[in-house]
Amino acid sequence: MCLTLPSKVISLNEDSVEIFDGRRQKTVLLGSLEALKVGDWVLSSDDFLINKISEAEAKEITDLIWSNYEVPDINEIDQRAREIMAASETREITREEVEYLLSVKDEKTLIALYSEANLRRKRFVKDHVCVHGIIEFSSYCANNCLYCGLRRDNDCREKYRMEPEEIIEETVKAVEERGYKIIVLQSGDDAFYTKEKLVYLIGEIKKRTRVFLYLSIGDRTVEEYRVFKEAGANGVLYRFESSNQQLYEAMHPGKKLADRLELLKAMKQLGYVIATGSIIGLPGQEISDLANDIFLVKELGAFMPSFGPFVASHGTPLENKDSGDSEMVLKVMAIMRFIMPASRIPLTTAYETIRGEAGRKEAFLAGANSLMFNLTPDKYRKNYSIYDNKFYDAERKIEKWSLFKGETSYQMLEEEVGFKI
Ligand code: 5AD
């Protein structure tokens, strides 16, 4: 589902209305909305009205997805950064230039960087924010990643598994009752869910509802991913976590970066839509590593570059380490927007965790254009603790404002990914 810009009703006809969103005027069908009057605020899809909203809500939404920073005076912006940003419109910027932008610290130049990313977002992707739902169905994990609260050796929290039927029910409910069109099914690396169980689960979900399904289930064989794709899975959310081999292998005991990259390439070949990226602020990570991460996302043909800060997790070897730097996360997202201007860049839960409510707007103003809502049933959610104090938006206002009328949201998504769902 997507959140679009609010518009004001400027005139009423029999079964259509003229609306204005501050930039464009258009005629849309009334749909099932009645009792509108001139001056009312509405949300609309391309062709019809979705929702009537209050003026206060309209302001809140506009503020969240359409406002901008006050752009500093040109003389206050670092000249080289300015040149690099300008160059990024006509050619791919170099690794060295990316590192330069990642090193910017001065406030005015940072604002210019974020504003430019925000402008690019407005130019290359529609004026809307896409909402993904995520269901974390198992907290068991066979791996022992140093940063992750789900690691095998961490017994601080009760482990849980949702039964396949329950996962199917929750997914179908999210689509049919709440209007989600994209669901991420996430778990630790958990062999309890055999190939057969997952094929059944994916197949049942796709039989029962129309949904774009991302799998975020970790390491499986290429053959398994092949059959999951055949069963109906559409995308994978599988981060490479760090493009620095040494850092990767230090963080993931017994694992090889080359294997992960090979699997990502195989996933792409299988036709999966790829969401991947890294964790920002892992101990020992350098700016040059982040520049490489940015280029690797592009090289892997990702549709959704996914970057979030490291957040310490209780019961892990890194439990006392500082969180990743939020400014660095914004810089990476902004630069990603220059390098892949039409991509879908999510504001991650980890970012919301370190920045709270304010984080959402910060990220949208720096090039992000989507977010993830946690739909894990309450009784399990507290035990899916990848890191501490994980952000949870119980109110989910954006969900209420978003497009619930099916077809248009599906069409927009299909246009973006290039196939039927
Ligand atoms: N901090 C931030 N992100 C984390 N992840 C796992 N543990 C942490 C942590 N402590 C991320 C990984 C994984 C995704 C599901 O969550 O990048 O791919």
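Biologist: Which residue stands opposite F373 in β16?

Modeller: G133 stands opposite F373 in β16. First, the ground rules. This is a predicted model, where local features need pLDDT of at least 70, side-chain atom pairs count only at pLDDT 80 or more, and totals for chains, interfaces and linings use all residues. Residues are numbered from 1 along each chain as its sequence is written, and side-chain values use heavy atoms, with hydrogens and water left out.

Now the strand. β7 covers residues 129-138. Strands here are DSSP runs (E, at least two residues), numbered from the N terminus. β7 is mostly covered: ten of its ten residues are buried. Buried means under 20% relative accessible area, with a 1.4 Å probe and protein chains only.

Next, the partners. Two strands pair if DSSP finds at least two bridges between them. Strand β16 (residues 370-374) runs parallel to β7, and five bridges join them. Strand β8 (residues 182-187) is also parallel to β7, with five bridges. In that pairing, S138 stands opposite S187 of β8. Strand β1 (residues 2-3) runs antiparallel to β7, joined by two bridges. There, C2 faces C130 of β7 as its opposite residue.

One general point on side chains. In a regular strand they alternate between the two faces of the sheet.

To recap: β7 has parallel bridges to β16 and to β8, and antiparallel bridges to β1.

Terms used: Buried means under 20% relative accessible area, exposed over 50%, partly exposed in between (1.4 Å probe, protein chains only). Helices (H or I, at least four residues) and strands (E, at least two) are DSSP runs, numbered from the N terminus.
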